[in-house]
Amino acid sequence: MPGPYVVPVHGDQNLPDEVDVVVIGGGIIGASTALELAERGVRVALCEKGGIGHEQSSRNWGWVRISRRDPREVPLMAHALDIWRGLDQRLGRDTGYRRAGIIFTCADETEYANHERWNRHLAGYGLESRMLSAHQYKELLPMQNMRLEGALYTAADGRAEPQKAAPAIAEAARDKGAKVFTECAVRGIETFAGRVSGVVTERGSIRCNAVVLAGGAWSSLFCANNDLRLPQLKVMNSVLRTQPLHGGPTQAIWSKDFAVRQRQDGGYTVANGHENIVDVVPDSFRFAKDFVPALSKEWRSLSLRLADRFFIEARMARRWALDEASPFEYARVLDPKPSRALSDAALTRLADAFPVFRQAQVAQRWAGYIDATPDAVPVISAVDSLPGFHIATGFSGHGFGIGPAAGRLMADLVTGSTPIVDPAPFRFSRFSDGSKIEVISGF
């Protein structure tokens, strides 16, 4: 079965003539933005080219973590943890959220010192996060036999079910008055007097004053058709899930060789904790200069591959008129073939560390494309050169947990409200205003 099973959301049938805001992209970022806007009484239409949450929002690990994040994301993620705690009640639906804790293991003294140094970023937030010695780690998880220097344990972190979360948020947005459209690609933006005046979808036009692009891995292509340069590349991560298994850890755990978290059904999501595949595509050359600093720091964890994705994207139109079909209508869902080698190696290493996983039975495998920026920090920003246009993308593998807070920040920016955090680190203009793009490795 390709791709994970996602709770289905049936889209509305009739496009409105006019709304206040159109949100492009039905992943967790777009759905959260739509919910926040709808709760404020803003008329909003959420348009998704495929199904709600069918791409990376349902294919990620399901971690809701503040631990080991880029320090620029920590204030926003602190708000996200608050939102997640009451999210199911707010939505009236189950996202599978549970505060279960996340552990980052430390193989040696250097890694222990790095984790200990990072943990200082949580000072003042009142969150339970501490370093564990090797002995304390063994006491917490007696069923494992890893040889470690210790671990970073953030009990305040949690987990949720990616196949449930975005659909639940989108349905709640509809409860609040949002219109939700699936299989409804937005081809482009219309403008009047130099600012956004509407969008053209494959079903027709919608007048609006503002647009939020939350298109994940498709965002750069959408921007290019509007003469906006968004440096963004895709990173492929492969995942497997097991059948229910008793006796495993309840905390999510990261090590260099594996990443694991318990699922709501009693099974586990397992992935390689370190290695990812990067397909070489035409954008790899267009944005090569932007990504050199990141590649120089993270090259050990990235496997570059020249495969059929290069030719698929080389043939893909980069310019199109709004009265013709866009590339988004020919590729409803990105569903890459997973790497069995990487996921099998992760499961083998996991079973070495936790012998109970020698009994694990693989139920399903899938892969997804992470939308990465040169500094691995998202764009959550207005676009100064096109008033009324906003971008929320490039979450670089960190989007699921932070999604509800990113949606709130985006809604603040669209409505002119006081933002919940300083949005400057997430500004779109940092890629073009001469700012130094700082890459902090290991997040």
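**Cavities**

Analyst: There are two cavities of 30 Å³ or more. A cavity here is a set of points on a 1 Å grid over the protein atoms alone where a 1.4 Å probe fits but cannot get out. The model is predicted: local features need pLDDT of at least 70, side-chain atom pairs count only at pLDDT 80 or more, and totals for chains, interfaces and linings use all residues. Residues are numbered from 1 along each chain as its sequence is written, and side-chain values use heavy atoms, with hydrogens and water left out.

User: How much space lies in the largest cavity?

Analyst: About 280 Å³. Volume means the space filled by probe spheres set on the points, which are joined across faces, edges and corners.

User: How does the lining of the largest cavity divide?

Analyst: Ten nonpolar, three polar and seven charged. Ala, Val, Leu, Ile, Met, Phe, Trp, Tyr, Cys and Pro count as nonpolar, Asp, Glu, Lys and Arg as charged, the others, Gly among them, as polar.

User: Now the second largest cavity. What lines it?

Analyst: Ser 32, Leu 35, Glu 36, Ile 83, Leu 87, Arg 90, Ile 169 and Pro 404, around about 40 Å³ of space. Helix H1 (28-39) has the largest share, three residues.

Conventions:
On a 1 Å grid over the protein atoms alone, a cavity is a set of points where a 1.4 Å probe fits but cannot get out, and a pocket is an open set with protein on both sides within 12 Å along at least five of seven lines; lining residues have an atom within 4 Å of a point. Helices (H or I, at least four residues) and strands (E, at least two) are DSSP runs, numbered from the N terminus.
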